[in-house]
Amino acid sequence: MGNLFAKPYHEFNIDQKLSLQDSKLLEKKEARVDQVHMLGYSKTKDFILESSINLMFTSNSFNNIIKNAETVRKNLMSLNCFENISVHIDVSSGSNSTPNGYKVTFNVQELKLASSILHSIARDNEGFVKLGFKLNNMTGHANHFKIESSLGNNGTQKYDACISKHIPGSISSCTSGHIFKKKSYWNTVHGVFNEWGTLFDLLFLASYKGHFSQNLQYEGVIRDINMLSKNSPFKLREESGLSVKSSIKHITTIDTRDSKVLANEGAFFQMVMEVAGFGGDVKFLRNYFTSQFYSKISKDVVFQGSFGGGFLTDLGTFKKVNMMDRFFLGGPMTLRGFQSRGIGNLSDNVVAGVTSYWVSAVHIYVKPLFGMESNRINEAIRLHLFCNAGNISFFGKDTKSSFTKTFKDFRLSAGVGIVARVGNSIRFEFNLCSPIQYSPGDRIVDGFQFGVGANFI
Amino acid sequence: MADFKTSSSILTKECLRTQICGESEWPKNTVLYQPYETEQILLPDNSKCLSVKTFLKMAGLEFIVEARENAEYMSPHRGKVPFIKAGQFLVADFEPIVNFAQSKGYSLSTHLDEAQKWDLRVYMALVNNVLLNAEIYVTWNHELTYKELTKPRYSSVYPFPLNHWATYYKRREMLSHLDVLGWKKKTLDEVFKEVERICESLSNFLADKKYFFGEKPTDLDALVFGHLFSIITTPLLNNRFAATIRAYDNLVQLCVRIETEFYQSRIL
């Protein structure tokens, strides 16, 4: 079953320069889309598709048609209703056709109603296996339901149930609701963190340029900190117990990288603002951002510069923010050469976690098969030289002095290593690190360090 | 063999620990952590806290009391209050604290002979098994008390929705504890009968002595005082629990004696 979307022909003053046969000039040739066909769908409602397809009718050159067709294909795929989509572009013929009109056909294949989930992801230096099932496109309005559990190799468990729905429009948006239960560990201090929570997410995506998106989230979560060993620092033990965080989060992402893991060109910027204190017992304002910039020096050499930072303001009077809210620095994907959460003294009198931090990195990537044409190895593996710098601080009353202190005795490390890409979002790193500048109490790694994750600096 | 090795290494560690404990004096700045007394604490926890405080006072050990709303979660043995932080050591619950003090050379039962030491252990086990469980029963399993007193007090430190959540889980834990010990299915009358029986045997054992073992107070006196004093002074829905104990005059007199001697105040 198919459907036909046609644009009535009402512009008659089109320039008649059709005699150019050169295919290069064909790209610049005036063109319009007369008809768009959608074939192969039965369940999905028309109005879900219309808003995406309307873009096709704005094309004014052949080149433009091809570009738009790709954008539309991507937008349709992002509805998560289709298994695959193929595009055919042909000269339109028939009674309604115009002299330089084209006919675009989208051949789609819908996903089955129920399908299983089995894949792996990586986050925060831990690999996860995801198992679960999902119901696709339940009523034809691009609404989905899924239940999944993820198990990590460090013992983190996460259970998640999610309902999501796409709202068609010129800015496409997606709402989703999650219920989750998460258990994670901090082995150095024998800590276990349990979380039970709900998350409502509203995602806005500028549909024409897929690289600008905004998320508005509400998160309500009950946290439980449990220190298992008598040897855990007492300051951390004092924070153990139950607390509720109820927060609104806003995430802005600009991503023009050509790959999420091993990019050649582009920039990435993500900023998160979080305000907690709508109910619950912790109140804070937390901002943090990450930025990455890539530039191709030569065919085989890529330069990456990154900078990130965060700032937390405690707004609470009775109950203070605890270690699950504060920042930690260090780890094989952020400040290399230090253990995960390895920066800062953990002796008895120091509070764990900090209220502000900054971290930066400079990478020079080299393709392993130097000088060869792009092949699989060059796409998946890179050698890199890196240099990391960063510091943590508590902002006191005297902002100026603490600000200079933050940038004075910073931590510095450098090294070489191999970076590998698995799938589209997992990054493996195996580095030989050497911490150059550090403070007493830091847990350093002087030698080989292995990291896996999706977020990196 | 491997098992033996690990267990022996654990033993060595424990020996080392006790040795280190034994070497030094009672640490200065020892802090006792407990829940907030007026708004939060419940009868069973209150009894245990009072027992420990009384013991430490009897042994002449210095300590500071600090109230924390999350004392129960801070405890090295989750859910057990009170606990003490003595130097680098964290010790929770009455008996481990008594043992810890003993390893430092402070004991209230050194003057007892072997038979008396057995008596002491038996009565302490009896108090822990009966009085403590009766307190837990009244606090968590008696529907009316739970609704009127336990729930508002326990959830007072938590915001919504944690107040329901935390209380629900705590209650489930305490009920399964009672279930394992076979107390859950008892009726209130049966529970009070048990309390009556132990009071009678304690009363007989005390007779008209000053303390259970003569002129000097022991661990048992601290434990019994903690429980009886809390039961008598804690306002419950009806005074049946307190009345059961008040019927034994020499036990009440023991409480009065300990209170005036170690707390320099008079409530009873």
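1. In chain A, strand E18 is joined to strand E19 (residues 426–437) by 11 bridges, and the two run antiparallel; helices (H or I, at least four residues) and strands (E, at least two) are DSSP runs numbered from the N terminus, and two strands pair if DSSP finds at least two bridges between them. Along this pairing, A:Leu412 stands opposite A:Gln437 in E19(A). E18(A) and E19(A) form a hairpin with 3 residues between them, and A:Gly423 in the turn has a positive phi of about 65°.

2. This is a predicted model, in which local features need pLDDT of at least 70 and side-chain atom pairs count only at pLDDT 80 or more, while totals for chains, interfaces and linings use all residues. Residues are numbered from 1 along each chain as its sequence is written, chains are lettered from A and ligands numbered from 1 in the order in which they are written, and side-chain values use heavy atoms, with hydrogens and water left out.

3. E18 (residues 411–422) of chain A is also joined by 10 bridges to strand E17 (residues 381–393) of chain A, again in an antiparallel arrangement. In that pairing A:Leu385 stands opposite A:Val416 in E18(A).

4. A:His178 is found in strand E9 (residues 171–186) of chain A and is buried, with a relative accessible area of 16%; buried means under 20%, exposed over 50% and partly exposed in between, with a 1.4 Å probe and protein chains only. Leaving aside neighbours within four places in sequence, A:His178 is in contact (heavy atoms within 4.5 Å) with A:Asp160, A:Ala161, A:Cys162, A:Gly197, A:Thr198 and A:Leu199.

5. B:Cys49 is in no disulfide, the nearest cysteine sulfur, that of B:Cys255, being 17 Å away, and B:Cys49 is buried, with a relative accessible area of 0%. B:Cys199 is likewise in no disulfide, with the nearest cysteine sulfur, that of B:Cys255, 9.8 Å away, and B:Cys199 is buried at 0% relative accessible area.

Terms used. A disulfide is a pair of cysteine sulfur atoms within 2.5 Å.
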